[in-house]
There are 2 protein chains.
Amino acid sequence: MNGNNDSGRSGIPDGAEKVSTAVIRRLPRYFRYLRELLRQGRLRISSGELSKLMHVTATQIRQDLNCFGGFGQQGYGYNVKYLYAKISEILGVERGYRAIIIGAGNFGRSLSSSTLFDHRGVKLTALFDIAPEVIGKTINGFCVLDARKLEEYCAQNRVDIGVLTLPRPEASGMAARLSKIGIRGIWNFTGAELELEKINSVVETVHMGDSLMTLCYRMNKAESDTDKKQ
Amino acid sequence: MNGNNDSGRSGIPDGAEKVSTAVIRRLPRYFRYLRELLRQGRLRISSGELSKLMHVTATQIRQDLNCFGGFGQQGYGYNVKYLYAKISEILGVERGYRAIIIGAGNFGRSLSSSTLFDHRGVKLTALFDIAPEVIGKTINGFCVLDARKLEEYCAQNRVDIGVLTLPRPEASGMAARLSKIGIRGIWNFTGAELELEKINSVVETVHMGDSLMTLCYRMNKAESDTDKKQ
């Protein structure tokens with residue numbers, strides 16, 4: 001633990017060098033719950049209450065937050081607004097990242113209409129595609145641009161995140177291209193496993209099918225347990 | 001470990017009572033990689049090769065698969081087709097689950113056009129909404145049905161999974177309704193935290209925003225590390 005020493009505008013204290021993936025994966029959950037508490041006008045919450053709400057142990061919460069310097073005062077619980085601001089900082093919300101979507105098919109379009117980005121401080125600036133019948137169309141307020149002119153656009157506009165919603169076989173080539181342009185984050189929805197050694201960007205791949213399979217597993221398990229009891 | 005004794009058609013051996021969430025979350029990954037190997041015509045793979053491909057240790061793979069009875073032969077590696085079939089069974093792929101989507105907005109529509117379901121043995125049978133201007137329309141080959149007639153539809157058709165893509169404030173009420181009808185699985189995309197105590201179904205919630213936040217965290221961390229070096 002390193003007290004409350006932050007390191008510049010990243011909000012990540014120096015002690016946070018070796019924060020485990022599991023903790024990092026839980027941070028967005030804290031962000032969501034705290035946002036909800038703020039909405040409800042809550043000013044303070046004890047780790048016990050937060051624990052009950054989030055279905056994690058109070059010890060776990062204290063341990064998680066201690067990775068970033070604590071933020072709680074013994075006996076006083078957490079200041080909701082302060083904790084939310086701190087976690088937002090750690091998560092890079094205040095960096096004001098700018099994103100583009102590549103692939104204006106059904107899924108890309110639905111993402112472009114979502115509040116996902118806005119609610120997390122990320123500004124969506126453009127939608128790209130290569131199909132002539134889509135280029136130039138306005139979708140959810142975005143004019144679809146020609147993906148062949150990606151380099152040109154990125155030279156003129158700051159882009160931090162490329163969202164891949166194009167067909168899977170094109171994912172790897174596009175990721176390499178984005179990385180070469182200097183785009184630092186790739187949010188990959190194509191299902192392709194990108195070869196990270198070849199890409200100089202941070203990659204986050206979403207496998208929605210894995211979540212469906214987990215659901216099916218748990219249903220199958222529940223049925224099989226019921227069968228056994230009968 | 002319980003040898004290779006399966007328990008009936010669930011594919012889940014009796015020894016699998018206490019398989020950890022982490023292992024369960026990894027199973028769909030095995031499923032994906034094995035499917036890809038099958039596509040490439042591979043017949044056998046050693047745990048070493050599979051480990052390299054999946055970026056997990058060979059020990060991890062052996063431990064994971066041992067939770068379900070092993071499936072490998074010392075020195076011979078894994079039979080790809082057999083292992084794929086076994087994991088499919090464990091994941092309930094062969095149960096032939098049937099799903100409906102509730103909420104024919106942008107995201108619901110894009111899901112209905114996805115191969116996500118088909119590729120995992122889940123049959124999508126209908127799309128529901130409450131907006132008069134959408135009901136009766138054909139979207140991706142599905143006629144949008146009136147969500148008020150959900151009970152009627154489910155009485156006449158087997159439905160195992162309800163996919164929630166409706167507005168967040170309606171999620172909790174709809175989940176309770178689906179559970180009451182007897183729908184056993186709920187795949188929740190609304191961002192709402194469903195109160196599991198009140199719902200008698202298996203619930204899997206997808207928070208796509210959490211994945212975006214994780215990406216932002218890692219970008220922020222990388223930037224902050226670079227700042228420090230300079």
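In the predicted model, chain A comprises eight helices and 10 strands. Of its 230 residues, 53% count as buried. Contacts within chain A that link residues at least 6 apart in sequence were also examined, and 59% of them join residues at least 24 apart.

The interface between the two chains involves 71 residues of chain A, which are in contact with 71 residues of chain B. The size of an interface is often given as the accessible area lost when the parts come together. By this criterion, chain A and chain B bury about 6,000 Å² between them, and 59% of this area lies on carbon and sulfur atoms. On the side of chain A, the residues A:Leu212, A:Met213 and A:Tyr217 supply 12% of the area buried against chain B, more than any other three residues.

The axes of H1(B) (residues 21–39) and H2(B) (residues 47–54) come within 11 Å and cross at roughly 105°. The contact is formed by B:Arg29, B:Tyr30, B:Tyr33 and B:Leu37 of H1(B), which meet B:Leu50, B:Leu53 and B:Met54 of H2(B). By residue class, this contact consists of six nonpolar residues and one charged residue, with no polar residues.

Helix H3(B), spanning residues 58–66, has B:Ala58, B:Ile61, B:Asp64 and B:Leu65 among its residues, and these four are buried. Viewed down the helix axis, the buried residues of H3(B) fall within an arc of 125°, and they therefore line one face of the helix. An α-helix has 3.6 residues a turn, so residues three or four places apart point the same way. The buried residues of H3(B) pack against H1, H2, strand S3 (77–79) and helix H4 (80–90) of chain B.

A corresponding analysis was made for helix H7(B), which covers residues 171–181. Here B:Ala171, B:Met174, B:Ala175, B:Leu178 and B:Ser179 are buried. These residues are on the same side of H7(B) because they cover an arc of only 135° around the axis. The elements that cover the buried residues of H7(B) include strand S4 (98–102), helix H6 (150–156), strand S8 (161–164) and strand S9 (185–188) of chain B. H7(B) is followed by B:Gly182, for which phi is positive, near 105°.

Methods: Residues are numbered from 1 along each chain as its sequence is written. Chains are lettered from A and ligands numbered from 1 in the order in which they are written. This is a predicted model: local features need pLDDT of at least 70, side-chain atom pairs count only at pLDDT 80 or more; totals for chains, interfaces and linings use all residues. Side-chain values use heavy atoms; hydrogens and water are left out. Buried means under 20% relative accessible area, exposed over 50%, partly exposed in between (1.4 Å probe, protein chains only). Helices (H or I, at least four residues) and strands (E, at least two) are DSSP runs, numbered from the N terminus. The arc is that of the directions from the helix axis to the C-beta atoms. Contact means heavy atoms within 4.5 Å. Axes are lines fitted to C-alpha atoms, for helices over the stretch in contact, and angles run from 0 to 180 degrees between N-to-C directions. Ala, Val, Leu, Ile, Met, Phe, Trp, Tyr, Cys and Pro count as nonpolar, Asp, Glu, Lys and Arg as charged, and the others, Gly among them, as polar. Buried area is the accessible area (1.4 Å probe) that two parts lose on being put together, summed over both.
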